[in-house]
Amino acid sequence: GKDVFAGKTLLLPNWDWITCGFIETILRKDGIDARVVSESPDSIHRSMRFNTGQCIPLNIIVQNSIDYIERHGLDPARTVVWSMNSKIACNIGMFPHYTKYLLESFGRGYENIGVYMGDITFVDIAVPTAVQCYLGFMFGGMLRKMSCHVRPYEKIPGTTDRVLLQSVKILKDAFNSGRSKEDALAEVTGLFRAIDVARTERPKVAIFGDLYVRDNDIMNQGLIKTIEANGGE
């Protein structure tokens, strides 16, 4: 339940700034001091110092969490890093345990950071929270899909990205205020439909990989924009 995080800051990984931003908003609405960490090419590079062959996102999450704590002056002993509790691909089942090992390797007080093994549905916090998080994941995927479907054909470059930012804000406000999600979605889809496009035939490109590879523009070095710039969708 949410009482586990009383008086503590919960750091969330940032595999996708859209979806993770929705999850942060939902958890904060529930009274949890949840914060999505940020990353940079430099933080990803520095995280590799501790990689000995395990899944790269694990190292990134730990490095970004430490950077966030330092940047915001948080007390490591009152900070918790969220880690997925799962037995699926990439040996994710060992993520929480190895995360704790890496934090202990850093030392300097970071060994006092807690690691929370959470369900990706967030049902372990509360059933209503899980319902909202389900919508958050769905809306995040829908926004990415609409953006990829429209942006390559926009007549005025940059329009889709501006609509995307506006749409994220509208949906975050809906999660935070309790506004009807249907009304918010109608507003968002109307914004996308209003984008002036010129459709042509473009090859469709599929991106395979983990969450970071598919949805993190820093990790994949702007792969989606590169595909679009070279004539694909």
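Colleague: Which residue in β3 is the bridge partner of Leu10?

Modeller: The model is a predicted one. In it, strand β1 (residues 9-12) pairs with strand β3 (residues 79-84) in the parallel sense, over three bridges. Thr9 stands opposite Thr79 of β3. For Leu10, the bridge partner in β3 is Val80.

Colleague: Which residue in β2 stands opposite Leu12?

Modeller: Strand β1 is also joined to β2, and the two run parallel, with four bridges between them. Within β2, the residue opposite Leu12 is Val36.

Colleague: What is the handedness of the crossover from β1 to β2?

Modeller: The path of the chain leads from β1 through α1 to β2, a β-α-β arrangement. Judged by that path, the crossover is right-handed.

Colleague: Are the residues on the two faces of β1 buried or exposed?

Modeller: In a regular strand, side chains alternate between the two faces of the sheet. In β1, Thr9 and Leu11 lie on one side, with Leu10 and Leu12 on the other. Both faces are covered, and these four residues are all buried.

Colleague: Which strands stand at the edges of the sheet, and why is one side of each left without a neighbour?

Modeller: The sheet is open and has four strands in the order β2-β1-β3-β4, with parallel pairing. Each edge strand has a single partner strand, so one side of it is left without a neighbour in the sheet. The edge strands are β2 (33-36) and β4 (114-118).

Colleague: What is the average twist from one strand to the next, and what angle does the direction of α1 make with that of β2?

Modeller: From one strand to the next, the twist averages 30 degrees. Helix α1 (residues 17-29) packs on the sheet, where it touches β1 and β2. The direction of α1 makes an angle with that of β2 of about 170 degrees.

Colleague: How do the residues of the contact of α5 with α7 divide into nonpolar, polar and charged?

Modeller: The axes of helix α5 (residues 127-150) and helix α7 (residues 181-193) come within 11 Å and cross at roughly 10 degrees. That crossing makes α5 roughly parallel to α7. The contact includes Leu135, Phe139 and Met142 of α5 as well as Leu185, Val188 and Phe192 of α7. Its residues divide into nine nonpolar, three polar and one charged.

How values were computed
Residues numbered from 1 in each chain as written. Predicted model: local features only at pLDDT ≥ 70, side-chain atom pairs only at ≥ 80, totals over all residues. Heavy atoms only, no water. Pairing = 2+ DSSP bridges. Axes fitted to C-alpha atoms, helices over the stretch in contact; angles between N-to-C directions. Contact = heavy atoms within 4.5 Å. Parallel < 35°, antiparallel > 145°, perpendicular 65-115°, else oblique. Nonpolar A, V, L, I, M, F, W, Y, C, P; charged D, E, K, R; others polar. Buried < 20%, exposed > 50% of the residue type's maximum accessible area, 1.4 Å probe, protein only. Right-handed = clockwise from strand over helix to strand, strands pointing away.
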